[in-house]
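Thank you all for making time this morning. I would like to walk slowly through one model, beginning with the terms and then moving to particular residues.

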Amino acid sequence: MLFFQHSVIEKGILNEFQLILCRNVMIYFDIPLQRKVLRHFYNSLDAGGFLVTGKSEGLLLNDGYEYFVDYNERYSIYRRKN
């Protein structure tokens, strides 16, 4: 497992990840920025990769269903759509 610091709001793909953990970060962003970050995460995950968010993130309220499906709703785990 490798850990890197990345900017979630800058352009480009972060990398090709199997898992992105982003807990309690997007709640501080406005709706347009949240959508941009979700698209950025989608483009940075491998096919079938996972995104884990905080309980208050509202991922699927911000067009998240366009990019992700529920994997485990209780723990806010989502899987990238192919």
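Predicted model: local features only at pLDDT ≥ 70, side-chain atom pairs only at ≥ 80, totals over all residues.

Let me begin with a definition: a residue is called buried when its relative accessible area is under 20%, exposed when that area is over 50%, and partly exposed in between, using a 1.4 Å probe and protein chains only. By that definition Asp63, with a relative accessible area of 38%, is partly exposed.

Residues are numbered from 1 along each chain as its sequence is written, and side-chain values use heavy atoms, with hydrogens and water left out. The predictor's confidence in each residue, pLDDT, runs from 0 to 100; its mean for the protein is 85, and 95% of the residues reach 70 or more.

As for the overall layout, the protein has 1 helix and 4 strands, where helices (H or I, at least four residues) and strands (E, at least two) are DSSP runs numbered from the N terminus. Along the sequence they follow the pattern β-α-β-β-β.

Returning to Asp63, which residue forms a salt bridge with Asp63? The partner is Arg35, and the closest N and O atoms are 3.1 Å apart; a salt bridge here is a side-chain nitrogen of Lys or Arg within 4 Å of a carboxyl oxygen of Asp or Glu. The pair links distant parts of the chain, since Asp63 sits in the loop between strand S2 (45-53) and strand S3 (68-72), whereas Arg35 belongs to helix H1, 28 residues apart. Arg35 is also partly exposed, at 34%, and the structure holds 1 salt bridge.

Ile20 touches, among others, Phe41, Leu51 and Val52, leaving out residues up to four places away in sequence, with contact meaning heavy atoms within 4.5 Å.

Finally, Asn24 lies in the loop between strand S1 (17-22) and helix H1 (31-44), and is partly exposed at 39%. Beyond its neighbours within four places in sequence, Asn24 contacts Gly54, Lys55 and Glu57.
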